[in-house]
Amino acid sequence: MDYRISDPVPGASPGEPVGPRPQDALPETVTTAVKIVIVGGFGVGKTTMVRAVSEIRPLTTEETMTRAGEGVDHVAGIEDKTETTVAMDFGRISLNERLVLYLFGTPGQERFWFLWNGLFDGALGAVVLVDARRLEVSFDIISRLEDRRMPFVVAVNAFPDAPRHELAELREALDLPDWVPMVDCDARNRTSSRDVLLELTRYLHAMTLAQTETR
Amino acid sequence: MSGPRRLDWGEGSPERLYVLTGGRSGSAAREQLDLVTLIVSRSSPDPALQPEQAAIVRMCGYPLSVAEISAYLSLPASVVMVLLVDLLADGRVEARPPIPAASLPDAELLEAVMHGLQNL
């Protein structure tokens, strides 16, 4: 084990400050933070999208959980318990002097769902990022979000070598209801990724107005 | 060095994390804090504080989310939340909680988000 009690603690002494670079500090006037979660399979471009729109270099937060090893291969007779650490990349967008948006990328596979409670609680909504060549993981994500009543949009990341699909075709393949917005995007591109977030926000806004009217 | 000042000390060994939190799991902290709760210092670092807590007080001169604190300290967010509960109880830091999880966020907030994104 590498644990040494004498390890220096980052930021513990004034000589070695740890924390945001001065240019990454939020203004004192910021009072409210909101979050949007970007969820998708491995390699679908979640971190790429976060990086494209974030005003800070994406950071990584970890979550650890000890639990019974469900869905994990194990050898009979060995205690069925695993320590799972999952890293989540996130970025930040200052929206105005009082409001800041955080974007979290999280893996969509079922074994990472333990992360979802803390992550989706209080989130505005989610972006399901999809690779048209690998739709399988998206089915589970979509039904899981529907179960949680978490509003979401589906963004199809345009991989250069992927065959082009019509959105209508993918909508059918994903069994996605008509009212859920679906867009093409290029996660590497700032404007394109920004537009995905705008699409989600407009959708949420329309839902909110509709709900207010029926009250 | 122009990158963010983040030190790599994070052997996330369960023993070490256990010592840091005094064995508390963080489920109570979770009810009080979110990944995007903004933390601002209300005191200067006290030598009596645990080094990790002193680091938090030092870095939160300007608002910083729980997620960012976790990233800069290379500690799991749940551990940071436990450390923050003590700091909050002692009035050393202040929390600016996110909008409470309602069924749907209000229209005015969403309009502010839209405007902000359009200006990006």
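Reply: Let us begin with a cut-off: a residue counts as buried when its relative accessible area is under 20%, as exposed when it is over 50%, and as partly exposed in between. The structure itself is a predicted model, and its scores are ipTM 0.83 and pTM 0.85.

Me: What makes strand E1 of chain A mostly covered?

Reply: Strand E1(A), residues 32-40, has 9 of its 9 residues buried. A:Thr32, A:Val34, A:Ile36, A:Ile38 and A:Gly40 point one way from the strand, while A:Ala33, A:Lys35, A:Val37 and A:Val39 point the other way, and all of them are buried.

Me: Why is the link between A:Arg148 and A:Asp121 called a salt bridge?

Reply: The closest N and O atoms of A:Arg148 and A:Asp121 are 3.5 Å apart, and because a salt bridge asks for a side-chain nitrogen of Lys or Arg within 4 Å of a carboxyl oxygen of Asp or Glu, the pair qualifies. A:Arg148 lies in the loop between helix H3 and strand E6 of chain A, and A:Asp121 in the loop between helix H2 and E5, so the pair ties together parts that are 27 residues apart in sequence. With a relative accessible area of 26%, A:Arg148 is partly exposed, and A:Asp121, with 40%, is partly exposed as well.

Me: What makes A:Arg188 exposed, and what is the state of A:Asp186?

Reply: A:Arg188 has 55% relative accessibility, which is over 50%, and therefore counts as exposed. A:Asp186, with a relative accessible area of 21%, is partly exposed. These two residues form a salt bridge, with their closest N and O atoms 3.0 Å apart.

Me: Which distant parts of chain B does the pair B:Arg92 and B:Asp46 link?

Reply: The side chains of B:Arg92 and B:Asp46 meet in a salt bridge at 3.4 Å, N to O. B:Arg92 is in the loop between H5 and strand E3 of chain B, and B:Asp46 is in the loop between strand E1 and helix H3 of chain B, 46 residues apart.

Me: Which residues touch the most other members of the largest nonpolar core?

Reply: They are A:Leu145, A:Val154, B:Ile69 and B:Leu84, in a core of 102 residues. Helix H5 of chain B, residues 77-89, gives the most to this core, with 9 residues.

Me: How confident is the prediction for chain B, and where is the pLDDT below 50?

Reply: Chain B averages a pLDDT of 83, and 80% of its residues score at least 70. Over residues 1-10 of chain B the pLDDT is below 50, although this stretch has 30 contacts in the model beyond near neighbours in sequence. Where pLDDT is low, the predicted coordinates should not be read in detail.

How values were computed: Residues are numbered from 1 along each chain as its sequence is written. Chains are lettered from A and ligands numbered from 1 in the order in which they are written. Side-chain values use heavy atoms; hydrogens and water are left out. A nonpolar core is a set of buried Ala, Val, Leu, Ile, Met, Phe, Trp, Tyr and Cys residues joined through side-chain atoms within 4.5 Å. Buried means under 20% relative accessible area, exposed over 50%, partly exposed in between (1.4 Å probe, protein chains only). Helices (H or I, at least four residues) and strands (E, at least two) are DSSP runs, numbered from the N terminus. pLDDT is the predictor's confidence in each residue, from 0 to 100. Contact means heavy atoms within 4.5 Å.
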